[in-house]
Amino acid sequence: MRKQPSFLGILAVLVVVAGLLVWWMGSLANGDQLWFLRVFNAQADWIAIYWDGDTYMLFPEDAAYEEVMSAFADAVAHWVGYEEEAGLSNDRLEHYREEGRLLELHYNISVQVHTRHSYPRARSFFVPLSGTDADWRRIFAGMGDTPRVGALNVSEARFAHLLATVEQAVPGY
């Protein structure tokens, strides 16, 4: 006599197939097989802080580097949204560098922030710390000295923590 598959067995197979289908579609959509992870642990080769016309550089051996890197990694790994059309023009970028407040992280190799969005691999991240982009808590990515279109949004609490950490890294602030 042949045994019929149980309802729970069929249900388990369907759940596994559905999970694999969701993972596969997400992987195809954004080119990242680990899109579901909320982890970012790439260490920047250098960090630039533009603060009211002054520029401060942080390197891995500097005291404030680890705190800024950790706050950024926590913020970018826990994004809350994505704005596909958001962009940072060259004029606005220069304004942030010359008069505003901006955090830039630079990598010698491209790194991936795991998201379900088509957020690109990047060698640079740009985080405006003043102005409209800071109000929206945007993080832009780029392969060079200018960001691409599209921005991750981070939570208000994580952005506030990142801003406070960068403020502490600015000498005399």
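Modeller: Leaving aside neighbours within four places in sequence, Leu 103 is in contact (heavy atoms within 4.5 Å) with Ile 47, Ala 48, Ile 49, Val 68, Phe 125, Phe 126, Val 127, Leu 129, Leu 162 and Val 166. Please bear in mind that this is a predicted model, where local features need pLDDT of at least 70 and side-chain atom pairs count only at pLDDT 80 or more, while totals for chains, interfaces and linings use all residues. Residues are numbered from 1 along each chain as its sequence is written, and side-chain values use heavy atoms, with hydrogens and water left out.

Leu 103 is also among the residues with the most contacts inside the largest nonpolar core, together with Phe 40, Ile 47, Phe 72, Tyr 107 and Phe 125; this core has 37 residues. By such a core I mean buried Ala, Val, Leu, Ile, Met, Phe, Trp, Tyr and Cys residues joined through side-chain atoms within 4.5 Å. Buried is under 20% relative accessible area, exposed over 50%, and partly exposed in between, with a 1.4 Å probe and protein chains only. At least two residues of the core come from each of strand 1, helix 2, strand 3 (79-83), strand 4, strand 5, strand 6, strand 7 (151-154) and helix 5 (156-169). These elements are DSSP runs numbered from the N terminus: helices are H or I with at least four residues, strands E with at least two. Helix 2 gives the most to this core, with 9 residues. Apart from this core lies another, of 10 residues, among them Tyr 50, Leu 93, Leu 102 and Phe 126.

Helix 2 (residues 65-77) deserves a moment. Its buried residues include Tyr 65, Val 68, Met 69, Phe 72 and Val 76. The end C-alpha atoms of helix 2 are 18 Å apart, which agrees with the 18 Å that its 13 residues should span at 1.5 Å a residue; the expected span is 1.5 Å times one less than the number of residues.

With 6 of its 7 residues buried, strand 5 is largely enclosed by the rest of the structure. Strands count as paired if DSSP finds at least two bridges between them. Strand 5 runs antiparallel to strand 4, joined by 6 bridges, with Ala 122 as the bridge partner of Val 111. Strand 5 is also antiparallel to strand 6 (residues 138-142), through 3 bridges, and there Phe 125 stands opposite Ala 141.

Tyr 56 belongs to strand 2 (residues 54-58). From Tyr 56 to Val 170 is 114 residues in sequence, yet 7.2 Å in space, C-alpha to C-alpha.
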